[in-house]
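Here are some exercises to work through with the structure on your screen. Try each task yourself before you read its solution.

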Amino acid sequence: MFALFLSSFGCEARGESTSVYIIRGGGGYFPNLGNIVNKNFKSRGLNVIDYRVDQHTKAAGEIIAAHRAGKLSSGVFLVGYSAGGGAAIKIANSLKSAGVSVRLLILIETIRPDLAIPSNVQGCFNLYHAPHAIVGRVRASSSKTRLCNCDAHDDAGFGPEYGHFRIPWVDGVHEMIADEIVNATRGRSPGATLSNRRALNSATPSPEPR
């Protein structure tokens, strides 16, 4: 696990930070994460802490401890990719049991769309490439959760060549995710980045498939 401790854009003047907890996919798969953090999260003043899927219990415990110590004044931000999406939902449920709310839960191609988003999640941004039996739309257990189900191609304008294992490589995906987090710190609803992202993607040619 690595952590980059940085002042957040919105809280820099107060010496606070916005922490983002990332749960990797199965086997620790989240390619190029170090470069992604430096370019897209660090540049926006976000502090990143990442875990493997099998560390979800540890992650929940550390988040609860940080919250109780007053270190998460900006709120709890969770990001989960693939199997890490299901783990992030489990972490959110553990936080619910401890009375801790999640300001924003971001799911990227989660393979457990059957798991309902718990009621302590204030906002959820769910990015999936195309709906099918394994990934797709998620549902919230509470009508108070602000939920955005986003088809990566139809809603965000990412090319059809970006499948489950290629989405983590796409720089624009992480730009959008980081901007969603910053927007949440400013009180905006999930999905506020989509119109700009569609415009950017329509003006940028898709790369050749690897």
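**Exercise 1.** Find the second largest cavity, state its volume and describe its lining.

*Solution.* Step 1: the second largest cavity has a volume of about 30 Å³. A cavity here is a set of points, on a 1 Å grid over the protein atoms alone, where a 1.4 Å probe fits but cannot get out, and lining residues have an atom within 4 Å of a point. Grid points are joined across faces, edges and corners, and the volume is the space filled by probe spheres set on the points.

Step 2: list the lining, which consists of I22, F30, L33, I36, F41, V79, I108, H174 and I177.

Step 3: sort these residues by class. Eight are nonpolar, one is polar and none is charged. In this scheme Ala, Val, Leu, Ile, Met, Phe, Trp, Tyr, Cys and Pro are nonpolar, Asp, Glu, Lys and Arg are charged, and the others, Gly among them, are polar.

Step 4: look for helices. Helix 1 (33-41) and helix 4 (171-185) each give at least two lining residues, and helix 1 has the largest share, with three. Helices (H or I, at least four residues) and strands (E, at least two) are DSSP runs, numbered from the N terminus.

Before you go on, note that this is a predicted model, in which local features need pLDDT of at least 70 and side-chain atom pairs count only at pLDDT 80 or more, while totals for chains, interfaces and linings use all residues. Residues are numbered from 1 along each chain as its sequence is written, and side-chain values use heavy atoms, with hydrogens and water left out.

**Exercise 2.** Which residues line the largest cavity, and where does L104 lie?

*Solution.* Step 1: the largest cavity, of about 40 Å³, is lined by R103, L104, Q122, G123, R146, A184 and P190. Three of the lining residues are nonpolar, two polar and two charged.

Step 2: L104 belongs to strand 5 (residues 104-108). With a relative accessible area of 3%, L104 is buried. Buried means under 20%, exposed over 50% and partly exposed in between (1.4 Å probe, protein chains only).

Step 3: compare sequence with space. L104 and P190 are 86 residues apart in sequence, and their C-alpha atoms are 8.1 Å apart. Leaving aside neighbours within four places in sequence, the contacts of L104 (heavy atoms within 4.5 Å) include G123, A184 and P190.

**Exercise 3.** Is N149 buried or exposed, and what does its side chain reach?

*Solution.* Step 1: N149 sits in strand 7 (residues 146-151) and is buried, at 13% relative accessible area.

Step 2: the N149 side chain makes a polar contact with the side chain of N126 at 2.8 Å. Such a contact is a pair of N or O atoms within 3.5 Å; within protein, one must be able to donate a hydrogen and the other to accept it, and residues adjacent in sequence count only if both atoms are side-chain atoms.

Step 3: the side chain of N149 also reaches the backbone nitrogen of V138, at 2.9 Å.

**Exercise 4.** Where are S82 and E109, which have positive phi values?

*Solution.* Step 1: S82, with phi near 55°, is in the loop between strand 4 (77-81) and helix 3 (83-97). S82 is buried, at 10%.

Step 2: E109, with phi of about 50°, is in the loop between strand 5 and strand 6 (123-128). E109 is buried too, at 2%.

Conventions: 1 Å grid on protein atoms, 1.4 Å probe; cavity = no way out; pocket = protein on both sides within 12 Å on 5 of 7 lines; lining within 4 Å.
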